[in-house]
Structure formats: structure tokens, C-alpha cells
Amino acid sequence: MEKTMMIKRKPSLSFLHHSQRSGRLPYNQRVTWRDNSGLTDGLEQGVDLVGGYYDAGDHVKFGLPMAFTVTMLSWSIIEYSEYIAGAGELEHAMEAIKWGTDYFIKAHTSPNVLWAEVGDGYTDHYCWQRPEDMTTSRQAYKIDENNPGSDLAGETAAAMAAASIVLRKTNPHYSHLLLHHAQQLFEFGDKYRGKYDESIGVVKNYYTSVSGHEDELLWAAMWLYKATDNHRYLSYVIDNADSFGGVGWSITEFSWDVKFAGIQVLASQLLTEEKHKKYKDVLEKYQSKAEYYICSCLNKNNGTKHNVRFTPGGLLYVRQWNNMQYVSSGAFLVSVYSNLLQKLEQKNLKCHGGEVTPHELFQFTKSQVDYILGFNPLNMSYLVGFGPNFPKRVHHRGASIVSYRENKGFIGCTQGYDNWYGSTDPNPNIVVGALVGGPDHNDEFTDKRGNYMQTEACTYNTSPLVGIFAKLNYLENMVSHASY
């Protein structure tokens, strides 16, 4: 089937982050069906943890996916700021970053203490309530010297370092503050090593760090190098390349948990600068692993176990639960690598299954975006609020219950389940810009609130797409203007 679909992709993706905001909402809140929530977060522990984001359709604030969301939103702006600005969304995207980093500053209460989670999945999942009515536990959990969490400290450091780059021109004092926190968090994570889910047991069923903490430490050091140009951080990435798996792991996913492919692409970018020539040997090892990942997404590695599967309709398929997160992060890395190849001498990507041009790489990214936006066997847009046919029963507590601004009458835990969760009616509120979990391996999708593997949306699904949508929007405007 010839993929020539022309879809206007003006990105309204930062709307999603407004839907997921916790805390006291500002006057310019774009999603008007939400109101203030979680205003006593941290009170029991004597610390102010108001703010931040709910990661998905529930009301726990999980630090690791929240930080990855901010890192990826920042990277999107770093790569594609001119296109995002051209679409009129740069200020909104920067606000979305700052909403996250404001919270991280609060959560980092001393050099070796980082609050990792507010609320717990067990009580939260027994309730179906609007965030404004929350009656579930708001217990807060932290990592410190005795309860380490190098993965969480590393990812939060990466988020703050990446955000500091984005905000440097518009808010230099704040950018400097973010760097200060990022450097402290990196030192903390590096000195007191361990996985955060071994220190905080309640997170195990939700965001277990399967990949360990070495990838996050490399990831943080890489972002700190980009933000500071301090060779100490580059030396860390080079010296630990082998022992931390940076040049050892051949990976076929990039996610809130597994950062290796992202690190490998960032390391590859360093090859474009003369000043990194003395590290060429190690950087090229990182690059070869980056290319393994990119080739796996294109189904051009040798053997099926070295490639990502595709659905019959052409969507990357990594696993059953919330597969779209891997599609958006994969599409982003392939797009970034396409840009990089144009700057390198090598020009084409050499996979086992043949050479690939930068244009072909970008066409792959476009094919994944087209699928997301409705060019698929079901003609379903998996981006909520886009097109005539998108999921109407997103697994999202706030969206599925009448807006607090319309009806301030209290809705309890079981009342929410009885009156709203099981309803076959569409959600009364639309989570615009949310990318749901998506179809199964056969391109099949069931739009039911209870089908959370497919209908729940997460902040980190959307963040990698902001820049890509903006670039595609720009390119299609160019085409439409040229055709007049």
C-alpha cells in the first residue's frame, strides 16, 4: 500500500501535560476540565511535594517516568526547536518542562535526598476518582544515602541537565539552578549506588528498573556533558563505556527504563566535532550499538531475535502493554539519527540487510507517525483528540468522570467505579494529545476503559513526538504551499 497520506500535524501535544498536572493550576491552564489537586502532597513528611505530573490515568506521582518525560521533552526541543517554534508551541513545551523541573527542585530537599514517589499504586488502584476528589494515600517515599536509587537520581539529573539547555536563553538564572541540582544528583547517584526499587518496594509492581542503574548514570553524565561542556562528565561516559554496558549492550528498545540506545545515539553525535577526535575509538563503539538499535527498528539486522517485530499494518511492536511508548521513542531516535547521518562523512547507515539513506530513515519515522494518526487497518487515530476516529474511552480517571468544574459534588472511590468506570459511554472529557497504549500485534484495538493495556495513555508516550510532529507539520506546509 503506497503511503502518501497527507495529515496536518500541528502539535497540540503539550495539552496532554496540562491534563496530567498535579498541584495548583495556573491561570493559563489550557485543559479547562481539570482543577487543583494534591495540594497537601508531602505534608505528612514535612516537605512540600505539591506539583509535578501524574504519569498516566491514575494519581500516583512516580519519579522515574516523570523525569524521563521531561528529559525526552527537552531533547525534542533541543533537536527540533525551530519547528516547534514555527508551529507556535515552543513556549507551551517549555512551560511543560518547567512544570516538571519545578517539582524536581522541591523533591531534591538536600544533596543526598530525593523524594521518589507520592501516593501508592495499591490504594490508588482501588479507587476510581477525579484527582480533585482524591481520598487515597499520599504517602511519600524517598531515596537517600541508606536507601540508594542511582537510576532515579541519574534520570532526574539527566532531566534537569537537559532542561537547563532548553531554558538557558530565556531563563538563565533558573537554568543555572537546574544544573546545580543535576550535578548534585549525579554525584549522589554515583557515590551511593543501587536500584531505587530495592529501596522503595511499593514501586516494584509499577516501574521496576529492570535495566539496573548503570544506563541512567551514563545517561546523566552524557546530558551533563552536553549542558556544561565539562570533560569530567565525558570522561565518565568514556571510562565506564564497557563496564556499564554502554558499548556492550545491543538493545532493541528505548524507554523510561532502558536508556542504552539513547546514550548510544547521543555519543554518536559527538563524532561530528573535532574536539572529540581523541575519543573516536570508544565513541565509534557506542555508534555501532546505536546503529544496531536503528537497524533493528528497520528490520535490517541479521535474524529475527535482533529485530523489532512489526504488526501486519507496519507498526513497531515491542510488547503487549503500552506498546506505543516504544513506537514514539523509536521513531524519535531514528529521526535524530537521520539528521546525524547528514552531518557525518559516512552518510548512509550500513545494516546487515543493506544500506539505508537518511531520507529512508526519516520516511520510516513518518510511517510510524502516519500509523499513529490513522493510516492503519482500523483507520483509528491513537492520538486522542486528533481526527474523526480516536479512542473515546481512555483509561483515565479524570477524563472518564464529569469535570470537577461542572460538578463539584464529591465522588467517592466506589461511586466512581459504579457510575463511571463501567459505563459504555464515551468519556465526558477528552485528554487531547494523549497517545494511548495502542493496538495489539495484529493491529486490533478495543476501545474500552477497562482495557488499560491498550487505552491508557502515559506522559512519556507523547514527549518524544513533539519535535517530530512539528517537523512533519513544517514539511507538509512547505508541500502545500508549493502546490498552490
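Predicted model: local features only at pLDDT ≥ 70, side-chain atom pairs only at ≥ 80, totals over all residues.
After H13 comes Gly374, which has a positive phi near 125°.

The loop between H13 and helix H14 (397-400) contains His395. In the UniProt record, which is an unreviewed entry, the feature "active site" is placed at His395. This residue has a relative accessible area of 8% and is therefore buried, since buried means under 20%. Apart from its neighbours within four places in sequence, His395 is in contact with Gly57, Trp128, Tyr421, Arg449, Tyr452, Thr455 and Glu456. For Arg449, the backbone oxygen lies 2.7 Å from a polar atom of the His395 side chain.

Two residues other than glycine also have positive phi values. Asp229, with a phi of about 60°, lies in the loop between helix H8 (214-228) and helix H9. Its relative accessible area is 43%, so Asp229 is partly exposed. Asn299 has a phi near 65° and is located in the loop between helix H11 (280-297) and strand S4 (309-310). Asn299 counts as partly exposed because its relative accessibility is 44%.

Helix H6 (residues 172-191) contains Phe188, which counts as buried at 1% relative accessibility. Leaving out residues within four places in sequence, the contacts of Phe188 include Pro111, Asn112, Val113 and Ile143, as well as Asp144, Glu145 and Ala153. Phe188 and His18 are 170 residues apart in sequence, and their C-alpha atoms are 31 Å apart.

Charged side chains form the next topic. The model has a count of 20 salt bridges. One of these joins Glu187 and Arg232, with an N to O distance of 3.0 Å. This pair links distant parts of the chain, as Glu187 belongs to helix H6 and Arg232 to helix H9, 45 residues apart. Both partners are partly exposed: Glu187 has a relative accessible area of 34%, and Arg232 one of 45%.

Asp35 and Arg405 form another salt bridge, their closest N and O atoms being 3.8 Å apart. Here too the pair links distant parts of the chain, 370 residues apart: Asp35 is in the loop between helix H1 (14-19) and strand S1 (61-62), and Arg405 is in the loop between H14 and helix H15 (413-421). Asp35 is buried at 14% relative accessible area, whereas Arg405 is partly exposed at 41%.

The side chains of Asp197 and Lys195 also meet in a salt bridge, at 3.4 Å from N to O. Asp197 is buried, with a relative accessible area of 0%, and Lys195 counts as buried at 19%.

Asp257 presents a contrasting case. It is buried yet has no salt bridge, and the nearest side chain of opposite charge, that of Lys259, is 6.3 Å away. Asp257 is placed in the loop between helix H9 (231-239) and helix H10 (260-269). Beyond residues up to four places away in sequence, Asp257 touches Thr208, Ser209, Val210, Ser211, Asp215 and Glu216.

Terms used: Residues numbered from 1 in each chain as written. Heavy atoms only, no water. Helix = DSSP H or I, 4+ residues; strand = E, 2+ residues; numbered from the N terminus. UniProt positions renumbered as here; feature names shortened; annotations may be inferred. Buried < 20%, exposed > 50% of the residue type's maximum accessible area, 1.4 Å probe, protein only. Contact = heavy atoms within 4.5 Å. Polar contact = N/O pair within 3.5 Å; in protein donor to acceptor, adjacent residues only side chain to side chain. Lys, Arg positive; Asp, Glu negative; His and termini not counted. Salt bridge = Lys/Arg side-chain N within 4 Å of Asp/Glu carboxyl O.
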